[in-house]
Amino acid sequence: MRLLRRRRRTTCRLIRTTPTLDEWTHVTIEEVDKLMAAALNKTCQLDPAPTWLVKDMRGLLAPFVALMFNKSLAASCFPNGFKHAVVRPLLKRSGLDASDLKNYRPVSNLSFLSKLLERTVQNRLQEFLDSNDLMPVSQSAYRRDHSTETAVLKVQNDLMLAADDGQLSALCLLDLTAAFDTVDHELLLLRLERQFGLRGAVLQWFRSYLTGRTFQVVYDGCLSAIVHVLCSVPQGSVLGPRLFIAYTADLADKAAEHGVNFHELSLVRRRHAAVFALSSR
């Protein structure tokens with residue numbers, strides 16, 4: 001009787017060490033002053049004063065705004081007053097039937113100071129991601145030197161190279177409408193922690209930023225009832241597009257596992273497109 005000895009196969013997984021970001025750097029008065037000066041003169045219904053006036057008085061206001069921002073970052077708390085948005089439905093283009101709701105696109109407006117605070121956080125987050133090479137290579141839009149034009153050129157170049165090698169290519173286009181509305185908060189926070197290394201006060205700040213958000217729809221001078229947002233990244237926000245990029249970053253890894261060329265493109269803040277190109281002999 002022959003006995004067969006089974007060898008125990010051991011697998012070794014390579015664990016990628018991710019740099020961590022667990023606390024925010026101090027917000028300076030000079031930084032706030034520059035952000036105010038560079039901001040657009042757009043005023044939201046929620047703003048107590050017009051944006052142009054705030055910018056003109058930034059020399060007096062910048063120290064107090066910087067103090068408030070530092071308190072927010074140190075306490076890992078995004079102010080509740082900044083979490084409310086006013087949504088205005090606008091016709092997608094002139095001449096459309098105004099009685100058909102499908103012809104409208106919602107435009108979300110946030111207060112000036114809330115977006116200014118987001119801008120300070122975005123600068124710190126983007127610096128951390130860029131310095132540690134954590135941004136998805138295949139992502140275009142909302143990144144420097146990565147536009148819709150470069151995305152089209154990249155896909156076209158990949159297809160031409162495959163054709164030169166005698167390969168057959170199949171192109172798959174995935175267009176997600178209202179993509180930002182599908183983001184699960186807990187899953188997003190989990191990916192920010194495990195895939196991008198956000199920890200401690202930084203991660204808790206993002207948890208505060210995402211939760212407890214509300215909006216109202218304004219139309220013809222009338223306000224709707226307050227709606228509580230349970231998922232999605234904030235529409236019309238500064239951080240929203242970057243958070244969605246982080247939320248979908250693992251798509252590129254899944255595509256690479258199957259030998260598929262992948263490119264991702266955020267067209268506008270409510271739509272997201274992914275391009276898959278599969279080449280084979």
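Tutor: Let us begin with S232, which in this predicted model sits in the loop between β7 (227-228) and α8 (240-247).

Student: Is S232 buried or exposed?

Tutor: A residue counts as buried when its relative accessible area is under 20%, and S232 has a value of 11%, so S232 is buried.

Student: Which residues is S232 in contact with, once its neighbours within four places in sequence are left aside?

Tutor: Those contacts of S232 are with F180, D181, V183, H185 and L210.

Student: What does the protein chain look like as a whole?

Tutor: The protein chain contains 9 helices and 9 strands, and 40% of its 281 residues count as buried. Among the contacts in the protein chain with a separation of 6 or more, 70% join residues 24 or more positions apart.

Student: How are two packed helices described?

Tutor: In general, one gives the angle between their axes and the distance between those axes. Here, helix α4 (residues 112-131) packs with helix α7 (residues 200-210) at an angle of about 145°, their axes lying 13 Å apart, and the crossing of α4 and α7 is left-handed.

Student: Which residues of α4 and α7 meet?

Tutor: From α4 come L117, E118, V121 and L125, and these meet W205, F206 and Y209 of α7. Sorted by class, the contact of α4 with α7 has 6 nonpolar residues, 1 charged residue and no polar ones.

How values were computed:
Residues are numbered from 1 along each chain as its sequence is written. This is a predicted model: local features need pLDDT of at least 70, side-chain atom pairs count only at pLDDT 80 or more; totals for chains, interfaces and linings use all residues. Side-chain values use heavy atoms; hydrogens and water are left out. Helices (H or I, at least four residues) and strands (E, at least two) are DSSP runs, numbered from the N terminus. Buried means under 20% relative accessible area, exposed over 50%, partly exposed in between (1.4 Å probe, protein chains only). Contact means heavy atoms within 4.5 Å. Axes are lines fitted to C-alpha atoms, for helices over the stretch in contact, and angles run from 0 to 180 degrees between N-to-C directions. A crossing is left-handed if the near helix is turned anticlockwise from the far one by less than a right angle, and right-handed if clockwise. Ala, Val, Leu, Ile, Met, Phe, Trp, Tyr, Cys and Pro count as nonpolar, Asp, Glu, Lys and Arg as charged, and the others, Gly among them, as polar.
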